Amino acid sequence: MPILETKNLSKHFGALIAVDGVDYAVDSGELRSIIGPNGAGKTTFFNMIAGDLIPTSGQVIFDGADVSEVPAHERSHMGIGRTYQITNIFPKLSVLENIRIAAQSRKMTFNLWSTVPSHKELVEKSDGILERINLTEKRDELAGTLAHGEQRYLEIGIALATDPKLLLLDEPTAGMSPEETIQTGEFIKSLADPLTIVLVEHDMEVVLGISDKITVLHNGAFLAEGTVEEVRANAEVQRVYLRE
Amino acid sequence: MDSAAPKNRFTPREFWAWLSEVFDNYGILILAAILVIYPFLFDALNESIIWLEDNDWEETAEIVAEFRGFVPSTPLMIQILIYTLFGIAFNILLGNTGMLSLGHCAFFGVGGYTVGIMHAWIKPGTYAPDWMVSAFKVLPLEISLITCVIVSTFVAWLIGTICSTKRGVYFAMVTLSISMIFYYSAQTFDDLTGGTDGLGGLENMRLGSINLRVGIMDANITYYFVFIVSVVFIAAIWQVLRSPFGHVLRAVRENENRARICGYNVAKVRLMAFTMSGAISGIAGALAIIYGETVPIENIHFITSGQIVIITLFGGAGTFLGPAVGSFIYWYLRQLMSVEFVKYLAIFQYWEAWVGGIFVLIVLFVPSGILGTIRNMTLEYREKKLLNRKAVAEALAKNAEDEAATEAE
């Protein structure tokens, strides 16, 4: 059974059709990629899955429930975690606090009468995640002072701290050096299964090695889907990418 | 290496940093101790003047009396305490959640009017129904204060539901306009509120059997009442801000979108912060009328909102006790200028202009406020000290290595 499904999903901004009737399904534990040239509607598609945007028409079905109109914070509780193309962290909070605040959202929002250090399990969980994203040494620094690559990892860490079932990564390697890109690819692969991951990439090379299946969007519409070789061999895809 | 050289100069910057470090550790205790005995200190000053006069030390008495003009009186301290509570409540929004409300006078005023109207009208010979009048021969302050808490919480929640979904300038404008509705209502229903004359006739403020009257020499009871109520609520706010919820507020301030994607219902969090802030502002408003014995209409006018923004920014919106510092400076300066300085230079009667000018200077040159700037200096100083220590340790280790190397040769 697919964990995520979209049916005829569309988003219009006035006359502009950003996403045009996309049918899409992801099985639990898969690592999937969505690629496409600039303006293909990848990010808009993501925003509708995560709840940042409400679709104009069509459905988003997550874990068997129609979530098309569910607000973003509730989708987070249902198990959708995401990162953004432009790094989106809490720059003036410490690295640990960035992760801890995300972990806390699973347990409490309106807890007024305890103190933060008394919830040791949250700090332990956060430290565990910091180890996974390799930022233990920088735990007490301000997140805004980290290097770009470290901030990208931190954002993935924030998403992981919310215990997602589905992780949406919007261009996780944007702005990274080639070596960093390879490392990040490995890291993302290590996260998959039981976690389901969908990532959006502008650059095809990044996703080649790690994805189970690649979906190509073009002008907001579905263009092709398949394994790396299938997509590579696809004439339509070649035409779109070469013309660019 | 310059930074590794040991410092033997004690620069003013470092002195302030050192002072604030002491203040960081023991400041609250020192401050609390002073505040607890403050009325006695001020009384002692008054009595010493009388004593000096009685003993024919007229000249010394005059000098001390002159000096007394520069010491904040107990009634002024009451005012400072009330605006400290108001400012800290306001800062739940401005400093912690990142919402600039320009309508907090509505809560301050509503809190005051709730208590004021109850005390002014629940007595024989007024519109109040007979059963109410006969139930309370004299309305106890406990009842009106509890009503005030309920009413101001409700009003804050109501206004919050309307405007806490707005952001930035829109939020400021909506809160401002709503507070003006309250102001004009208070003006229009002058039968009930006394209109522009203010609501008077509140001399019977009794807490149990204690009469909270304020005369110049009789402010001590009111002082302690206001002190205890303020401390209780300030402590409550302090706890809330260090609780998990307080951290959520800061997360919303830093990055609302990320907080939402983390799973926080941002609208609800903002509403909750707004309600808390408004409710406690209402209590501060009630304290202000107990102190003043009247409800001036200015309490619900935009001027009050402006005042609290200035007070908070004076002290530093990013710090917990900033509004306390701001409140002290604001009221003390105001008092000094309009009572003392004006004796020497008539131009000081326009104290608003001077305070406004100082406010402009603070915003321009120390935008994080007085306490905020001191705190930043401390952090800078500590970091420098840490770096120095590291550098010295490294230099020592290198020396030892070099020595070992020469010895081996």
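Buried means under 20% relative accessible area, exposed over 50%, and partly exposed in between, computed with a 1.4 Å probe on protein chains only. Keep that in mind as you click around.

This is a predicted model, where local features need pLDDT of at least 70, side-chain atom pairs count only at pLDDT 80 or more, and totals for chains, interfaces and linings use all residues. Residues are numbered from 1 along each chain as its sequence is written, chains are lettered from A and ligands numbered from 1 in the order in which they are written, and side-chain values use heavy atoms, with hydrogens and water left out.

**Stop 1**

Select A:Asp170, which is buried, with a relative accessible area of 0%. (A salt bridge is a side-chain nitrogen of Lys or Arg within 4 Å of a carboxyl oxygen of Asp or Glu.) A:Arg82 sits in strand β6 of chain A and A:Asp170 in strand β7 of chain A, so the pair ties together parts that are 88 residues apart in sequence. Helices (H or I, at least four residues) and strands (E, at least two) are DSSP runs, numbered from the N terminus.

**Stop 2: the sheet**

Color the strands of chain A in the order β6-β7-β8-β3-β9-β10, and you have an open sheet of six strands with mixed pairing. Two strands pair if DSSP finds at least two bridges between them. At the edges stand β6 (80-82) and β10 (221-226) of chain A, each with a single partner strand, so one side of each has no neighbour in the sheet. From one strand to the next, the twist averages 20 degrees.

Zoom in on β3 (residues 31-35) and β8 (residues 196-201) of chain A: they run parallel and are joined by five bridges. Which residue in β8(A) is the bridge partner of A:Arg32? Pick A:Val198.

**Stop 3**

Next, select helix α4 (residues 120-132) of chain A, which has 13 residues. Its buried residues are A:Leu122, A:Ser126, A:Ile129 and A:Leu130. Look down the axis of α4(A): these buried residues fall within an arc of 105 degrees, so they line one face of the helix. (The arc is that of the directions from the helix axis to the C-beta atoms.) They pack against α3 (95-104) and α5 (148-161) of chain A, where contact means heavy atoms within 4.5 Å. Turn to the face away from the buried side, and you'll find the exposed residues A:Lys120, A:Glu124 and A:Glu131. After α4(A) comes A:Asn134, whose phi is positive, near 65 degrees.

**Stop 3: a pair along one helix**

Move to helix α9 (residues 235-243) of chain A, where A:Glu236 and A:Arg239 lie three residues apart, about one turn of the helix. Their side chains meet in a salt bridge (3.5 Å, N to O).

**Stop 4: over to chain B**

Finish with B:Thr74, found in helix α3 (residues 74-97) of chain B. B:Thr74 is buried, with a relative accessible area of 2%. Not counting residues up to four places away in sequence, B:Thr74 touches B:Pro39, B:Phe42, B:Ala219, B:Asn220 and B:Tyr223.

Note on methods:
The expected span of a helix is 1.5 Å times one less than its number of residues. Axes are lines fitted to C-alpha atoms, for helices over the stretch in contact, and angles run from 0 to 180 degrees between N-to-C directions.
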